[in-house]
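Please open the model in a viewer and keep the selection tool at hand.

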Amino acid sequence: MDAQVAYGFHHLRNEKPYLAQGPISNKLIYSGYSCTQGWFFTPCSSDPCLRGLNNILRLYVKKVNSSKWEQISVPSSVRSIVTLNLPSYGGGRNPWGRLKPEYLEKRGFVEAHADDGCIEIFGLKQGWHASMVMVELISAKHIAQASAIRFELRAGEWDEAYMQMDGEPWKQPISKEYSTFIEIKRVPFQSLMVNGKRN
């Protein structure tokens, strides 16, 4: 759902840049999209297909030092999945949270760091949950840690899914006849930063 809101905001900003000219107006517009696109009120709707991603999404992960794909169930309450390779999201927030060693051990997780070789996968349930996560009163719904992720968007009545990467949203077409796969993996080397100087 946050990708759908980002997509709406992104297109409004491109079509009417005079509306999005500062942090306060941007937050008001973003909040308006959050309310009108169902982020806060969908749990009250009668259509179960709108309540969770588990109706259209299968999630597979490769754990660190493993070559096998393992299917991970998406909790029925989750309406937005976020994957991070660093402990920062949405303006510097830490939705993964600072987890206790006992919890990490019980779930088979390691403490999240930018250089740990893991991608953290967590879910947001709806707007109220996301709001509490963003002000760091609670942590997000922990799903998995992995070195690679594969999303299977299952065929059916859906014809698109909202996605975003590094703040750039798009509509991912979904076939009505066969599944669409999206894979995210870490590369075994660090990217070189461009310094803007000519050689």
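Is E160 buried, exposed or partly exposed? E160 is partly exposed, with a relative accessible area of 31%; buried means under 20% relative accessible area, exposed over 50%, and partly exposed in between, with a 1.4 Å probe and protein chains only.

Two remarks on reading the model are needed before the next selection. This is a predicted model, in which local features need pLDDT of at least 70 and side-chain atom pairs count only at pLDDT 80 or more, while totals for chains, interfaces and linings use all residues. Residues are numbered from 1 along each chain as its sequence is written, and side-chain values use heavy atoms, with hydrogens and water left out.

**First stop: the salt bridges**

Helices (H or I, at least four residues) and strands (E, at least two) are DSSP runs, numbered from the N terminus. K171 is partly exposed, at 32% relative accessibility.

How many salt bridges does the structure hold? There are three.

Select R58 and E152 next. Their side chains meet in a salt bridge at 3.5 Å, N to O. R58 lies in strand β1 (residues 57–62) and E152 in strand β6 (residues 148–153), so the pair ties together parts that are 94 residues apart in sequence. R58 counts as partly exposed at 29% relative accessibility, whereas E152 is buried, with a relative accessible area of 7%.

Then select E183 and R150. A salt bridge joins their side chains at 3.1 Å, N to O. Because E183 lies in strand β9 (residues 180–185) and R150 in strand β6, this pair ties together parts that are 33 residues apart in sequence. E183 is partly exposed at 42% relative accessible area, and R150 is partly exposed at 24%.

**Second stop: the aromatic pairs**

Rings of Phe, Tyr and Trp (its six-membered ring) pair if their centres lie within 6.5 Å; planes under 30 degrees apart count as stacked, over 60 as edge-to-face and the rest as tilted. By this rule there are two aromatic pairs.

Select Y7 and Y162. They form an edge-to-face pair, with 5.3 Å centre to centre and 65° between the planes. Y7 lies in helix α1 (residues 2–15) and Y162 in strand β7, so parts that are 155 residues apart in sequence are tied together. Y162 is partly exposed, with a relative accessible area of 29%.

Now select W96 and F109. This aromatic pair is tilted, at 5.2 Å centre to centre and 50° between the planes. W96 is in the loop between β3 and α3 (101–107), and F109 is in the loop between α3 and β4, 13 residues away. W96 is buried at 3% relative accessible area, and F109 counts as buried at 10%.

Select β3, β4 and β5. These strands form an open sheet in the order β3-β4-β5, with antiparallel pairing; two strands pair if DSSP finds at least two bridges between them. Why is one side of β3 and of β5 left without a neighbour in the sheet? β3 (80–84) and β5 stand at the edges, each with a single partner strand, so one side of each has no neighbour there.

Centre the view on β4 (residues 119–124), which five bridges join to β5. Here F122 stands opposite H142 in β5. Five bridges also join β3 to β4, and I81 stands opposite G123 in β4. Six of the six residues of β4 are buried: I119, I121 and G123 point one way, and E120, F122 and L124 the other way.

**Last stop: a loop**

Finally, select V135, in the loop between α4 (127–134) and β5 (141–146). V135 counts as exposed, at 54% relative accessibility.

Note on methods:
Salt bridge = Lys/Arg side-chain N within 4 Å of Asp/Glu carboxyl O.
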